[in-house]
Structure formats: C-alpha cells, structure tokens
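Opening the notebook on this one.

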Amino acid sequence: HVQRVASLHGYQVIFANSDERADRERQIIDALNAQRVDGIILAPVARENAERLAQSGPPLALVNRHFSGVRAPHVIVDDLLGARLGFDHLWALGHRNIAIIRGDVERSTTKDRIRGLREAHRVRVVAFDETRLINAGYSGDHGTTGLAELMVSKQRPTAVFALSNWALLSGIRGLQRS
C-alpha cells in the first residue's frame with residue numbers, strides 16, 4: 001500500500017532490512033540520508049537511531065514500534081488488546097498451561113503484549129506464571145532451548161503463545177528438538 005500511494009504521488013520506495021540489528025539500522029539510515037531521500041518510514045530497532053532521525057533527518061514516520069519521547073508520528077497496532085485476544089482464544093479452547101515466548105523486553109511491542117497477557121490473567125483471576133515466560137531474544141538459541149526444556153518438564157504446556165515472529169521461529173525450533 002505504501003508503494004502504491006507513493007507511486008501515485010511520483011515517489012519511489014526503497015526497502016531495507018536491518019535484521020533487528022541497531023548497527024545495521026544505523027548504516028541503512030546513514031545511506032538513505034546520504035541519498036537525500038524525501039522521507040523515511042521506519043520500524044525502529046534502537047531508540048537512539050529513531051531519536052537521531054527524528055531530530056535531524058528527513059520527515060519520519062514510525063511503524064510497528066514506538067519509543068516514548070521520540071517526536072515522530074507512528075502507526076502501531078494495539079498490542080495489548082491483541083495479546084489479550086490471543087490469550088482469550090487459547091483459554092476458550094481449554095488451554096490452562098500456556099508457555100509464552102517473548103522477544104526483547106525493551107521493544108514496545110513486547111512490553112505491550114506482556115501487559116496484555118498479564119491483564120488477561122488478572123481478568124480470569126489466574127496468576128501469571130513467570131516460569132512459563134521464555135526469552136527468545138533476537139539472536140541465539142534462548143527460546144529454542146527454553147521451550148525444549150519446558151516440553152519435557154512435568155508441567156508441559158498445552159499451548160505456546162509467541163509474542164513475535166522471531167519468538168515463533170525460535171519456538172518452532174524448540175518444538176522440533178523436543
């Protein structure tokens with residue numbers, strides 16, 4: 001949609017992927033600035049990159065994530081509500097032992113999704129079990145190992161709730177190992 005609308009107004013869209021790496025994000029931003037682009041739509045990885053761009057770069061819009069205090073328009077989904085609805089769905093299916101795989105806790109998406117899960121637990125008057133929360137991070141094998149260990153425990157989960165694409169992929173690798 002972005003590309004279609006930009007084209008209608010005579011603009012070309014350049015896509016770049018940082019692979020969730022702040023250093024790569026900074027390199028991409030520097031390259032785009034060197035090309036004197038007319039604007040940047042950024043799914044930010046690092047606060048400092050978003051802040052620097054908001055202060056001295058071309059027009060900026062953030063998508064998917066935001067950082068409080070970074071002065072830029074942003075478009076995000078309601079991650080808190082999404083997590084609540086996802087948990088409600090699993091609960092309605094009868095799952096009571098749900099493993100949760102999360103990504104980087106510094107990301108607004110992860111924070112909001114965990115808040116949504118805590119809220120869903122509170123509404124059901126069920127304790128949020130921190131031992132069911134597995135850290136996938138954005139690199140390494142944390143989620144893979146954590147879920148594999150949980151799957152062979154006495155409290156094996158009946159469902160897995162992944163809070164990001166990376167967490168989902170990490171969880172699938174963990175399930176394949178168990």
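I started at Ala99, which stands opposite Val160 in strand 6. This is a predicted model, so I'm reading computed values throughout. Strand 4 and strand 6 run parallel and are joined by four bridges.

Next I looked at the other partner, strand 5 (residues 133-135). Strand 4 pairs with strand 5 in the parallel sense too, over three bridges. Here Ile100 stands opposite Leu133.

How many of strand 4's residues are buried? I got five of five, so to speak a mostly covered strand. Looking face by face, I found Ile98, Ile100 and Arg102 on one side, with Ala99 and Ile101 on the other, and all of them are buried. I noted Arg102 in that list, sitting on the side of Ile98 and Ile100.

Core check. The largest nonpolar core has 14 residues, and the ones that touch the most other members are Phe87, Ile98, Ile100, Leu117, Phe161 and Leu163. Which elements supply at least two residues each? I listed helix 4 (79-92), strand 4 (98-102), helix 5 (108-123) and strand 6 (159-162). Helix 4 gives the most, with four residues. As a reminder to myself, nonpolar side chains tend to be buried together in soluble globular proteins.

I then clicked on Leu117 and left out residues up to four places away in sequence. Leu117 touches Ala83, Phe87, Ile100, Phe128, Phe161 and Leu163. Apart from this core lies another one, of twelve residues, including Leu32, Leu62, Phe67 and Ala72.

Three of them form an open sheet in the order 1-2-3, with parallel pairing. The edges are strand 1 (40-42) and strand 3 (74-75), each pairing on one side only. Strand 1 runs parallel to strand 2 (residues 60-63), and three bridges join them. In that pairing Ile40 stands opposite Leu60. I also looked at what lies across these strands: helix 3 (residues 47-56) lies across strand 1 and strand 2, and runs at about 155° to strand 2.

Is Asp38 buried or exposed? Its relative accessible area is 55%, and exposed means over 50%, so Asp38 counts as exposed. Asp38 still has contacts: setting aside neighbours within four places in sequence, I found Tyr11, Pro58 and Pro59. For Pro59 I took the C-alpha to C-alpha distance as well, and got 7.0 Å across 21 residues of sequence.

Whole-chain numbers, last. I counted seven helices and six strands. From the N terminus on, the order is α-α-β-α-β-β-α-β-α-β-α-β-α. The C-alpha trace spans about 60 × 35 × 30 Å along its principal axes. Of the 178 residues, 39% are buried. The chain exposes about 10,800 Å², with carbon and sulfur atoms supplying 53% of that. For contacts between residues at least 6 apart in sequence, 54% join residues at least 24 apart.

Conventions. Residues are numbered from 1 along each chain as its sequence is written. This is a predicted model: local features need pLDDT of at least 70, side-chain atom pairs count only at pLDDT 80 or more; totals for chains, interfaces and linings use all residues. Side-chain values use heavy atoms; hydrogens and water are left out. A nonpolar core is a set of buried Ala, Val, Leu, Ile, Met, Phe, Trp, Tyr and Cys residues joined through side-chain atoms within 4.5 Å. Buried means under 20% relative accessible area, exposed over 50%, partly exposed in between (1.4 Å probe, protein chains only). Contact means heavy atoms within 4.5 Å. Two strands pair if DSSP finds at least two bridges between them. Axes are lines fitted to C-alpha atoms, for helices over the stretch in contact, and angles run from 0 to 180 degrees between N-to-C directions. Accessible areas come from the Shrake-Rupley method with a 1.4 Å probe; for residues, only the protein chains shown count as cover.
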